[in-house]
Amino acid sequence: MSRVERLPNGLVLALEERDYPGVAFQLLVPAGAVNEPEGLLGASTLIEGWLWKGAGELDARGLAQALDALGVRRQSGAGLEYTLFSAAFLPEVLEEVFRLYALLLLRPRLPEEGFEAVRSVALQALLSQEDQPSRKLFSELRKRVFLSPHGRDPLGEEESLKRATPEAVREDYRHRYTPRGAILAVAGGVSWERLLRAVEPLLAWEGEEASYPTPLLSEPHSFTLKRPTAQVQIGLAYTDVGPEDPRFYAARLALEVLSGGMSSRLFTEVREKRGLVYAVSAFPAGVKGQGLLMAYGGTTKERARETLRVMLAEMERLAEGVTEEELARAKVGLKTALVMADESIRSRAGSMARDLYVLGRIRSLSEIEGAIEGTGLEAVNAFLRAHPYRNPWVGLLGEVDDVS
């Protein structure tokens, strides 16, 4: 069972206590590309990197050594909708770990002399997209799909990063790094009472709730990015349903039939039967308040048109329904992935945080398993009839003619 409570400063705290010799948490801070100030795109990435340059009495090296000495396995990163901090460690160091993270959030040094190094890393990450054509394509595809800031790239824009000043980024940190809208999800071998005592330093964290824009979509259309690449990248985007929709599990089972393994329709029809691609897949790519399904194919210039045609046809063919055999495989695939992910307390903390962010509550493993098992063939096919995957946004990248 999970326990959830909103602390006096607005921070949402959740715990799933387990008989496990470790603890993991995921902290979701409502500072992402969607609510960055105009002209300061990429600020979330800059802040996340700059925070690690020291906090309180500790400089960057001292902070890293303090966490390493506690055996903390940690990650962090700024994304589209929020910035995430995750960590896994032994229960006996719980209090000291949260003391250090409270320092990081409440008393970061944000030293002037460390800013240029952070900017340089951010610019390198952004420019590296030119060597990652599939990532470049999907970054552009999201920009074309969304009229709202949900189309922004979390890495930012080159000119904004170059113009950013330490003063502007510090001010943005003070405005958007707020406990109101933040979520701290914890899983593992610790009691609720002890966790409450351990997070007391975070109660001094204050601030008003950051804004979150409403997703707004463009009309579906096609585009081509001409690039001198050896391969052609194909990207498709379709509107879909999100976790808050009662048809969500029907949609996820249909997606598993489409792209859930080597017996899935996309892999079989596009790669195995025709040999058109070196890679093909479909995956959920929605945001809070707007479901989205995207599909990818990587192929040669000569086979790009046929690959696109077959991918579009397979997406449309879902409207004809799936078979009982396909559905049975899909259920096994989804439940296996769920159980495997749930074995990691770090993964569980992450799923708890995402559920609270999107749904405002935590789904248990048994609830999800029950929903998957309880979704029958008629429910899946009824969803596909009512929600056919047609009329997508289409993007191509490579030495290929414009999409017609």
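**Strands, sheets and rings in a predicted model**

User: What makes strand β13 mostly covered?

Analyst: In strand β13 (residues 393-398), six of its six residues are buried. Buried means under 20% relative accessible area, with exposed over 50% and partly exposed in between (1.4 Å probe, protein chains only). Strands are DSSP runs (E, at least two residues), and helices are runs of H or I with at least four, numbered from the N terminus. The model is predicted: local features need pLDDT of at least 70 and side-chain atom pairs 80 or more, while totals for chains, interfaces and linings use all residues. Residues are numbered from 1 along each chain as its sequence is written, and side-chain values use heavy atoms, leaving out hydrogens and water.

User: Which residues of β13 point one way, and which the other?

Analyst: Trp393, Gly395 and Leu397 point one way, whereas Val394, Leu396 and Gly398 point the other way; all are buried.

User: How do you know that β9 and β10 pair with β13?

Analyst: Two strands pair if DSSP finds at least two bridges between them. Strand β9 (residues 222-226) has five bridges to β13 and runs parallel to it, with Ser222 opposite Val394. Strand β10 (residues 232-240) also has five bridges to β13, but runs antiparallel; there Gly235 has Gly395 as its bridge partner. Both therefore count as paired with β13.

User: Why does one side of β1 and of β6 lack a neighbour in the sheet?

Analyst: Six strands form an open sheet of mixed pairing, in the order β1-β2-β8-β3-β7-β6. β1 (2-6) and β6 (73-78) stand at the edges with a single partner strand each, so one side of each is left without a neighbour in the sheet. Within this sheet, strand β2 (residues 12-17) is joined to strand β8 (residues 183-188) by six bridges, running parallel, and Leu13 stands opposite Leu184.

User: Why is Arg144 said to sit over the ring of Phe223?

Analyst: A charge sits over a ring if NZ of Lys or CZ of Arg is within 6 Å of the ring centre and within 35 degrees of the ring normal. The charged end of Arg144 is 4.3 Å from the centre of the Phe223 ring, and Lys288 lies over the face of Tyr212 at 5.9 Å from the ring centre. Both distances therefore fall within the 6 Å limit.

User: Which residues do ring pairs link into a cluster?

Analyst: Phe25, Trp52, Phe85, Phe89, Phe98 and Tyr101 are linked in this way. The structure holds 13 aromatic pairs. Rings of Phe, Tyr and Trp (its six-membered ring) pair if their centres lie within 6.5 Å; planes under 30 degrees apart count as stacked, over 60 as edge-to-face and the rest as tilted.
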